[in-house]
Each structure stands twice: as C-alpha cells, then as structure tokens.
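Subject: Structure for you to look at

Hello,

Here is the structure I promised to pass on. Please open it and keep it in view while you read my notes below.

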Amino acid sequence: MAIKRRPGLVLAVFTLMGLAFPVSFGAFVQGYNRPPARKDLYIPADDPGSASPQQVHISVVGEDKMRVTWITDSPSPATVVYGTSTGVYESSATGNTNSYTYLMYTSGDIHDVVIGPLKPNTTYFYRCGSSDSDPEFSFKTPPAAFPITFAIVGDLGQTEWTSSTLEHIDKVKHDMFLLPGDLSYADVIQNKWDSFGRLVQPLASKRPWMVTQGNHEIEKIPIVHHHAFTAYNARWHMPYEESGSDSNLYYSFNVAGVHVIMLGSYTDFDPSSAQYQWLQADLGKVDRGRTPWIVVLIHAPWYNSNKAHQGESESVDMKEAMEDLLYQACVDVVYAGHVHAYERFTRVYKDQSNNCGPVHITIGDGGNREGLASKYLNPQPKISVFREASFGHGQLVVVNATHARWTWHRNEDSETIASDSIWLTNLSSDPACKK
C-alpha cells in the first residue's frame, strides 16, 4: 500500500552495511523538552527456539468470537483447544500460520486462530498448540449488554513506566483494552516487537486488546524495505474484514451497545481515499438503537494544546477531511495518542465548544521511552478543560444507553491516582443533537 509523504514525519538515519538510509517512524517536534523516561525493558523468551507459545494476545472477531494470536520459534500446529472449566477443553479450532522477513530478521511462526461462538461475560480456559505440557491461559469475554468497562491508553512502549501502567490496569476491572497507536516502539529493531509481545502477554492473553497504528509502526526504509506496517500487520491482525474494510489500519466493531471505530492516521484519509469512503459507509450503517454509543480512536490528535506535534498533517488535514463525518454521526468520544501527555477537551466542533460535538481526549501517556511532553501553549484554550504531562491510563465505564463515566488515572510514585473524571451523556439521546 502506498503511503503519502506528509509534513511531520522525521526521517531518522538508519545505517545498513555502511550506507545511511532515512527511516520514517518518528515525528519532528519543536518547542518542548522531554524529561527522561524510566529504564527501557527487554523481555527475553522463556524457552528460546521451542514450540512453546509466547506473545499470546486475543482480539474480538464479531460479537461472539475471539482471535487468539501467538508466536513459536519452531513449527507447531495452529490449534487452540478451549472450554469453560480449567483443564477441560470441549472445543477446538484451527487457523493459519505465517511469518515475515524484515531486512535480516525473520519472525517466528505467527499463529492466528479464531474460536467461537462464545458466550458473553464468560471465562474460558485455553491452550495454544498441541502439547499437553504447554501452559493454560484464560480470558473473559465482554458482556453482551451494559455496563462495560474499557481500559484506554496510547504510546505504551516498553519501559519501567510501561510496566507500572500495565500493573495499574491489571488491578482495575475492565472488559477490553483499547490502544490508539504506538505499541512497541521497536522502530525497525524487530526483536523489540518480540519483547513487547512478551511484556503485554499477561494482560493481552486474558482480555481482548483492540489496537490501531501510530507513526512508530510505519517502519518503512527507502530502497531496502519499501512496505510500511510490515510487523504491525503481521503481528496484530484486527477484525477489519468483518467491518467491510480493506485494510488492517482501519476497522470497526460492536461490543455491548458500543460501536468502536479505529481510524488510521498514517494512511490516506482525504475524501477520495478508501478510508474516508469506508468510514462514511460504516457510520451510515450504525443503529443507535442497538449501539447507542460511538467511540472513535485515532493516533494523531485533532485537538491539542501541547507544544508537541503542532501543525502535523496527520492531525490538521485528517481533522479537516473527517471532522464533519463524525459530527454528523453524533460521535460521543474521540481518543488519540501521539502527544505524550494527557488532555481532555470539552465537546467541540470546528475549534469551538459545541454541545453536539464529541469530547476529544489525548491519552498518549502509557510509558514510552521518549518521556513526557511537558510544555503547553499558553494561555490554555477555553475548549481545553484539563491537561497534565504525567504517565497514566484511562477508564471508560459505559453504564447504560445514556450515561458513561470517564476517569483518568495518573501514575504517581508508582501508585494509581484518579486525577480527572467526568460523566458523559450520550449524544444520540439528546433531542437537540438530532440531525
């Protein structure tokens, strides 16, 4: 897939066999200094070279199936056995195995198996592969109806801050994890993707992780590696086919009365693009009687009063192209990452407060190695309600068809502190917002 060059992407220098190549994965930022993050982490394999499953994660497929993805270093069948009692597996499913090559790196075998149909709000026990000695995992399916709880954070990376954020999320009851881009911060070093998969496995193997891509997933190198998102697409297969999308970079799904839309900031988004046409059609099919809430995730924020990432095309031009679609559809909330800080805006449309516009929230504060974006534009815009440069995570509890509670938890002194909270009222239930 061709990716258009846009302002905002930095071309870092990558050296291969004595030759220097520019690499698109970061973003050029002026006007602020990032304080240092905590120590980087690298999680090695427990049993390198074996067929033992590692990097296990799950994601929803439709409303009653689950995709189980894992990697082995040696050949193993793409088989999952599962059931509702530990050690008792009444069902099994088989899937596909693939791998990818990136420069001189070749991945392990990536296994992709869809299991189901599954009952809602039920714990399942499962084992990947065919060996009885392989470990048993378990997950809980999301509920079929309200309430439902989402854990949300972007720009995770793999540092000691990341580990702290994941520990806090693990302690909080949630049904699904949403990540608006920038997962591993591998930045072309492919074994860091493996490390990231091992780091998140304890959480990602027991609750569905639904993700979209960020700039650090691009990993395109002129001349020597022409394709963008190679590792991301191979490792994190999302249910794009089921939503009528032609790309793993944008898709949607329904869960417990919420329609979730994942958009791609780093693929084409203008009105003639496939993504725009897909989004327009997807929003047109939403039944607000069945899914009263619409939640959208992007990577590059459309609203941002931090000095970081100002004026980038992925923010400015995507907003210009797609904001009307979201406003006309009465989208309730838009979550973004990219800026390594937290910020919540009021309901907004066309840069003005608007009671029928979505709430925009930047939550790119998961713990990445680049540190925090600590400087903001002053004076604070009236539409910016709360902003703070701290690592943390968010929790969206959709209580019923009309009300939801959003809370941002700051990670301070390794403890979770609730720092910002607001009740949200569903726009489709507001007669003033009928269009």
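A polar contact is a pair of N or O atoms within 3.5 Å, where one must be able to donate a hydrogen and the other to accept it. By that rule, 19 residue pairs are in polar contact across the interface of domain 1 and domain 2. Keep in mind that this is a predicted model.

Where are the two domains? The assignment puts domain 1 at 51–141 and domain 2 at 144–429. Their C-alpha centres lie 25 Å apart.

Now the interface. On one side, 28 residues of domain 1 make contact with 35 residues of domain 2. The area buried between the domains is about 2,600 Å². Carbon and sulfur atoms give 54% of that area. In domain 1, Gln55, Tyr100 and Tyr102 lose the most area to domain 2. Together they account for 25% of what that side buries.

How many salt bridges link domain 1 and domain 2? The count is 2. Elsewhere in my notes I have a salt bridge between the side chains of Glu63 and Arg290, at 2.5 Å from N to O.

Which elements build the domain 1 side? Those giving two or more residues are strands E3 (54–61), E4 (65–72), E8 (101–102), E10 (109–115) and E12 (137–140). E3 gives the largest share, 8 residues. By class, this side has 15 nonpolar, 9 polar and 4 charged residues.

Best wishes

Definitions and conventions. Residues numbered from 1 in each chain as written. Predicted model: local features only at pLDDT ≥ 70, side-chain atom pairs only at ≥ 80, totals over all residues. Heavy atoms only, no water. Domains from an automatic or database assignment. Contact = heavy atoms within 4.5 Å. Buried area = accessible area lost by both parts, 1.4 Å probe. Salt bridge = Lys/Arg side-chain N within 4 Å of Asp/Glu carboxyl O. Polar contact = N/O pair within 3.5 Å; in protein donor to acceptor, adjacent residues only side chain to side chain. Helix = DSSP H or I, 4+ residues; strand = E, 2+ residues; numbered from the N terminus. Nonpolar A, V, L, I, M, F, W, Y, C, P; charged D, E, K, R; others polar.
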